[in-house]
Every structure is written in C-alpha cells, then in structure tokens.
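Please look over the sequence and the structure shown here before reading on. The report that comes after them is meant to be read side by side with both.

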Amino acid sequence: MRLPLAFDPAPLAADIAALERGDWTEHFVRQNYEGEWSALPLRAPATARHPIQMIYPAPGVTEFVDTPWRERMPALSVVIDAFQCEVRTVRLMRLAAGSVIKEHEDLDLDVARGFARVHVPIVTSPEVDFRLNGVRVTMAPGEVWYLRLADPHSVANRSDIARIHLVIDLVVNDWLLRQLAG
C-alpha cells in the first residue's frame with residue numbers, strides 16, 4: 001500500500017552517494033538470498049555494538065538510538081522525522097545488481113501485531129521485481145510503501161544497478177493508521 005507521503009529522491013540519493021562498499025554490512029541470513037544483500041544502520045538497538053547487531057531488529061528490544069551514519073545523512077533524517085510515531089530500526093538496504101532475495105516471511109511485521117515496516121526507494125529500476133503474495137509491487141524513488149511482510153515476499157534485481165531502499169520499522173499508532181487508511 002502506497003502511503004500519502006512522498007519525498008524528492010534527489011537529496012536522498014545525494015546522501016548515499018558517498019557511501020562505499022565497505023560501509024555496508026552483509027545481511028546475515030544467507031539462506032534468504034543469492035548474490036549481495038547488505039544494510040547500513042541509521043537507527044539501531046541501543047545496546048548493539050557489533051555491525052550485525054545494529055542491522056538486526058531483534059524481537060523484544062525496546063530502546064533504539066540513532067547511529068553516527070544518520071548525522072551524515074540530513075535528507076534521510078527529514079524522511080525519518082516525518083513519521084509521527086515511534087521509530088524503531090532504520091536501515092538502508094542494498095540489493096546488488098543481479099541479486100535475489102528469496103521468498104520468505106517476516107512474521108512480526110504486521111500492523112495487526114502493532115508493527116509496520118515502510119520502504120522508501122532511493123535508487124531502483126523498473127527491472128527490480130518485488131513480489132508480495134506473488135503480485136508485483138512497483139515502487140518509484142521517493143514514494144513511501146507499507147508492505148505486510150508477514151506475507152510471502154521476494155525481490156529479484158534484474159537491473160545493472162544496486163537497488164537501495166530506506167527501510168523504517170515503526171510502532172503502529174493512530175497517526176500511522178490514518179496514513180494507512182489513505
């Protein structure tokens with residue numbers, strides 16, 4: 001579901017333009033993908049010190065802090081601040097050209113359970129094939145999407161560029177429910 005929010009993708013892309021390959025942490029659930037899938041945390045569990053702990057939104061964690069990366073990305077911070085609800089983890093998620101995220105489910109990511117994950121595409125291509133319940137979802141840069149990722153989903157990046165999304169985990173409140181209502 002596309003939310004009634006949108007952001008100019010040019011400043012978002014400018015924020016990430018200086019990132020280098022070594023800045024990203026490889027996603028730790030290797031069985032869920034083929035190729036290269038990595039993340040960079042902008043907001044992480046307060047007690048996380050290791051890069052993998054910083055990209056993993058562990059169940060039961062209730063305290064989150066901004067990482068030093070967020071300070072370096074003012075346009076992305078504007079996006080994060082636009083959400084008038086509790087923001088838990090925030091990550092940039094990068095799927096390299098030719099890489100695939102296999103179909104899987106993230107059972108705790110459902111508004112009915114009190115949590116929502118939104119995606120804000122920053123760099124993408126029409127050749128990125130994101131599927132939710134087998135149905136293709138095409139997301140353009142700067143748009144904001146809630147995806148019920150407790151349902152089966154997969155991504156195939158058939159383009160020649162890395163797909164990069166800002167991924168924000170939120171606690172559902174009345175403001176977010178109004179956004180979801182349209």
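What follows describes pockets, a surface patch, one backbone angle and salt bridges.

## About the model

This is a predicted model, in which local features need pLDDT of at least 70 and side-chain atom pairs count only at pLDDT 80 or more, while totals for chains, interfaces and linings use all residues. Residues are numbered from 1 along each chain as its sequence is written, and side-chain values use heavy atoms, with hydrogens and water left out.

The largest pocket holds about 430 Å³ of space, and of the 24 residues that line it, His27, Arg91, His104, Asp106 and Arg117 are the closest to its centre. A pocket here is an open set of points on a 1 Å grid over the protein atoms alone, where a 1.4 Å probe fits and protein lies on both sides within 12 Å along at least five of seven lines; lining residues have an atom within 4 Å of a point. Grid points are joined across faces, edges and corners, and the volume is the space filled by probe spheres set on the points. At least two lining residues come from each of β6 (87-95), β7 (100-104), β8 (115-123), β12 (153-157) and β13 (163-171), where strands are DSSP runs of E with at least two residues, numbered from the N terminus. By class, this lining has 14 nonpolar, 5 polar and 5 charged residues, with Ala, Val, Leu, Ile, Met, Phe, Trp, Tyr, Cys and Pro counted as nonpolar, Asp, Glu, Lys and Arg as charged, and the others, Gly among them, as polar.

The second largest pocket holds about 200 Å³ of space, and 14 residues line it, with Pro57, Pro59, Arg88, Asp108 and Phe115 nearest its centre. Two or more of its lining residues come from each of β6, β8 and β13, and the lining is made up of 7 nonpolar, 2 polar and 5 charged residues.

## A surface patch and a positive phi

Phe28, Ile52 and Tyr56 form a nonpolar patch on the surface, with about 240 Å² of accessible area together. Such a patch joins nonpolar side chains (Val, Leu, Ile, Met, Phe, Trp, Tyr) within 5 Å, in residues with over 30% relative accessible area and no salt bridge, and areas come from the Shrake-Rupley method with a 1.4 Å probe. Phe28 sits in the loop between β2 (25-26) and β3 (33-34), and it counts as partly exposed because its relative accessibility is 33%, given that buried means under 20%, exposed over 50%, and partly exposed in between.

In the loop between β9 (128-132) and β10 (135-137) lies Asn133, whose phi is near 55°, a positive value in a residue other than glycine.

## Salt bridges

Side chains of opposite charge can pair when their charged atoms come close. The structure holds 13 salt bridges, each being a side-chain nitrogen of Lys or Arg within 4 Å of a carboxyl oxygen of Asp or Glu. In one of them Glu143 pairs with Arg2, with the closest N and O atoms 3.3 Å apart; Glu143 lies in strand β11 and Arg2 in strand β1, so the pair ties together parts that are 141 residues apart in sequence. Glu143 is buried at 13% relative accessibility, whereas Arg2 is partly exposed at 44%.

Lys102 and Glu34 also meet in a salt bridge, at 3.9 Å from N to O; Lys102 lies in strand β7 and Glu34 in strand β3, so this pair ties together parts that are 68 residues apart in sequence. Finally, Arg43, Asp66, Arg70 and Asp81 are linked in a network of salt bridges.

Technical notes: Helix = DSSP H or I, 4+ residues; strand = E, 2+ residues; numbered from the N terminus. Patch = residues over 30% accessible without salt bridge, like charges linked within 9 Å, V, L, I, M, F, W, Y side chains within 5 Å. Buried < 20%, exposed > 50% of the residue type's maximum accessible area, 1.4 Å probe, protein only.
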